[in-house]
Amino acid sequence: MGIITLRQLLDHAAENDYGVPAFNINNMEQGLAILKAAYETDSPVILQASKGARAYAGDIMLSHIVIALSKMYPSIPICMHQDHGNNEATCMTAIGHGFTSVMMDGSLESDQKTPASYEYNVSITAKVAEMAHWVGASVEGELGVLGSLETGEAAKEDDSGAEGKLSHDQLLTDPDQALDFVKKTDVDALAIACGTSHGAYKFSRKPDGEILAMEVIEKIHKKIPKTHLVMHGSSSVPQYLQDLINENGGQMTQTYGVPVEEIERGIKSGVRKINIDTDCRMAITGQFRKIAKEKPAEFDPRKFTAPASAEMEKLCKDRFERFGTAGNAQNIKVITLDEMSKSYAAGELKQFN
Ligand code: G3H
Ligand code: 13P
Ligand code: ZN
């Protein structure tokens, strides 16, 4: 079966200059949509589950969905990743349920609302990395707090974002501190803050360098060229999906996401993992609304979920193609967790120069 670690996958992406979208999943339909898109484009995939997704579906269900998908699509390497782990227990229980990678988000305290001190972040992330590496699993850390450079706030609809007003110093990752953080924690990938935030309401206008600081990524990459960078809040919130929702009874106010061309620019500067949840939610909800409006007598849920999955699959395929992920699945020979743990123990997987 092709269950792969984040580290192995991102090493391959770095060697071959591509990025990998990390799509959030909560249920079977999302998993199937992503894997169908991956299969059609021959792309390796990252499926990620938030704490909320684990509470919604249950660890046993989520882990069995991933095993089932890997049996259905044996040619596709699948990484199962914990998104925004808030403490050691969340990360360790994920690994216990077969996740091959975890994010320890120490940019916020365990409540995932209070911005944490640098010392706290280093200490908890290093601890999780040490434990995860014992069993060969990968760790993503985060330095800098996600939030809008326009408002100084984390996304309002995401009840796990930072509370209160954030300064530009908090909202933009410092390249020198990034080097120190990677050295001290031994993370496999580093999520950075550059003005993106979770949810649909990222920017009040098409973003320019004032509100989406891509040059910060370029500076970080120059400092730590070997470190795999992660962009959170990377949904593009496409106009066609806003229209699909609003033309069918939705009431989303006009908003702007991260343009795909900016992500392509990031991929040229070391961005290897691109987190996308909102776009998939919008694809699904848009089709639900369309069917509900066009066929008010319909009551078979499959008549809703099938077009919703097809809409999501179309979006995933586009991202696999635009990020250069397509065509790479066949070139990856999966390394086991056991072999990865030996490489960590031998000190072969350091990410700094
Ligand atoms: O990290 C943000 C993702 O969009 C997950 O959202 O916590 O509602 O599952 P969620
Ligand atoms: P979006 O809300 O932009 O899809 O970001 C998702 C994310 O960063 C999950 O960790
Ligand atoms: Zn995120």
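I began with helix α11 (residues 260–267), which lies across β7 and β8 and runs at about 150 degrees to β8. For me, contact means heavy atoms within 4.5 Å, and angles run from 0 to 180 degrees between N-to-C directions, with axes fitted to C-alpha atoms, for helices over the stretch in contact. Helices (H or I, at least four residues) and strands (E, at least two) are DSSP runs, numbered from the N terminus.

A note on the source: this is a predicted model, where local features need pLDDT of at least 70, side-chain atom pairs count only at pLDDT 80 or more, and totals for chains, interfaces and linings use all residues. Residues are numbered from 1 along each chain as its sequence is written, chains are lettered from A and ligands numbered from 1 in the order in which they are written, and side-chain values use heavy atoms, leaving out hydrogens and water.

Next I looked up the sheet: eight strands close into a barrel, ordered β1-β2-β3-β4-β5-β6-β7-β8, with parallel pairing (strands pair if DSSP finds at least two bridges between them). Between β1 (residues 20–24) and β2 (residues 45–49) I found three bridges, and N24 stands opposite Q48 in β2.

H198, in the loop between β6 and α9, and H232, in the loop between β7 and α10, are 34 residues apart.

Last, is H232 buried or exposed? H232 is buried, at 1% relative accessible area, while H198 is partly exposed at 23% (buried is under 20%, exposed over 50%, partly exposed in between, with a 1.4 Å probe and protein chains only).
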